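I opened my notebook for a friendly look around one structure. Here is what I looked up, entry by entry.

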Amino acid sequence: MTANFQVGGHVSAAGGLYRAIERAVEKEMETLQIFVSAPQTWRATKHTDADIEKFRQAHAESGLGEVWIHNIYLANLATETDEQLEKSVGSVINAMQIAERIGAAGVVLHTGSHKGQGIEAVLEQVVGAIKRILDEAPGEAVLALETMAGQGGAIGTYFEELGAIIGEVKSPRLKTCLDTAHTFAAGYAIHTPEGLDEAMAEFDRHIGLDLLAVVHANDSKIALGGFRDRHENIGDGHIGTAGFEAMAAHPAFQGNAFELEVPGIPTEEKPKGDGPDIENVRRLKAIRDSATPAGGKSTKAKQAAAKA
Ligand SMILES: [Zn+2]
Ligand SMILES: [Zn+2]
């Protein structure tokens with residue numbers, strides 16, 4: 001049996017949402033992530049019913065798996081101003097409503113920044129904001145709070161921060177996105193089997209492995225515990241091929257979508273890379289397909305058995 005996570009990545013939806021499906025197919029992806037609005041602006045892009053239908057049809061015909069939407073980057077549910085909070089909540093409601101319309105699995109969100117005050121100082125506001133979002137965007141789409149690298153007091157640097165929010169909101173639609181580069185930079189040693197096992201046991205304690213909804217699969221230009229966010233191509237960073245092999249063999253990740261957000265392999269035309277490309281897709285698939293996972297979602301006993 002081979003490991004069974006799906007390999008995909010972030011693709012552009014320029015020229016119409018359905019174009020993202022074409023790009024994902026060209027790159028041999030099995031799942032994809034998109035923006036449904038320009039990530040650096042508050043103004044929401046309008047999507048007509050015809051656009052949505054075209055996307056749904058292209059997705060159905062493609063055979064691709066889960067679609068994830070990444071929320072715009074400007075949102076900060078822990079902001080100090082009412083105006084910014086309203087805009088932030090509005091942006092997530094918009095993305096969640098579009099997720100529902102296009103049949104996406106859900107929306108990935110950078111929860112915000114407590115600016116060094118600690119999660120307790122902003123917990124009530126963040127919890128209230130998420131409850132409003134889920135109320136105003138009913139349906140099945142999941143809101144996945146992303147793990148962060150720890151720059152600027154980002155909420156989600158530590159698993160217990162996301163666990164505290166999830167424990168207060170108490171909705172089956174609130175889950176998490178684990179970004180491998182962020183979590184590694186935040187000090188979790190997921191690049192070795194032992195470190196990964198420890199990290200995922202901690203994830204299970206604070207959040208629950210069943211609430212891991214999606215993975216951002218990125219290698220890291222930043223060393224362990226460097227608290228900065230710089231993605232690297234699969235195998236070329238501090239997590240390395242061996243790190244992704246450990247994840248492929250780990251039961252915590254079975255069944256999840258792995259979305260690449262890597263810079264891409266440099267070429268003559270694109271010296272800085274072209275984002276998640278076919279080469280990174282193939283690297284991650286090769287790692288997955290050669291791994292023998294320990295099945296199931298409970299960790300320690302099976303890992304020990306596998307090593308014996
Ligand atoms: Zn993100
Ligand atoms: Zn990042």
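This is a predicted model: local features need pLDDT of at least 70, side-chain atom pairs count only at pLDDT 80 or more; totals for chains, interfaces and linings use all residues.

Next I asked which residues of H4 are buried. I found Val126, Ala129, Ile130, Ile133 and Leu134. Looking down the axis of H4, I saw these buried residues fall within an arc of 130°, so they line one face of the helix. On the face turned away from that buried side I found the exposed residues Glu124 and Asp135. I then checked what the buried residues of H4 pack against: helix H3 (82-102), strand E5 (142-146), helix H5 (159-169) and strand E6 (174-179).

I traced a closed barrel of 8 strands with parallel pairing, in the order E1-E2-E3-E4-E5-E6-E7-E10. From one strand to the next, the twist averages 30°. Where E1 (residues 6-10) meets E10 (residues 257-260), I noted parallel pairing over 4 bridges.

Last, I looked at phi angles. Most residues other than glycine have a negative phi. Glu28, in the loop between helix H1 (17-26) and strand E2 (31-34), has a positive phi of about 60°. I counted Glu28 as partly exposed, because it has 13 C-beta neighbours inside 10 Å. Phe227 also has a positive phi, near 50°, and lies in the loop between strands E8 (219-220) and E9 (231-232).

Notes
Residues are numbered from 1 along each chain as its sequence is written. Chains are lettered from A and ligands numbered from 1 in the order in which they are written. Two strands pair if DSSP finds at least two bridges between them. Helices (H or I, at least four residues) and strands (E, at least two) are DSSP runs, numbered from the N terminus. Axes are lines fitted to C-alpha atoms, for helices over the stretch in contact, and angles run from 0 to 180 degrees between N-to-C directions. A residue is buried if 20 or more other C-beta atoms lie within 10 Å of its own, exposed if 12 or fewer, and partly exposed in between; C-beta atoms are placed from the backbone. The arc is that of the directions from the helix axis to the C-beta atoms. Two residues are in contact if their C-beta atoms, placed from the backbone, lie within 7 Å.
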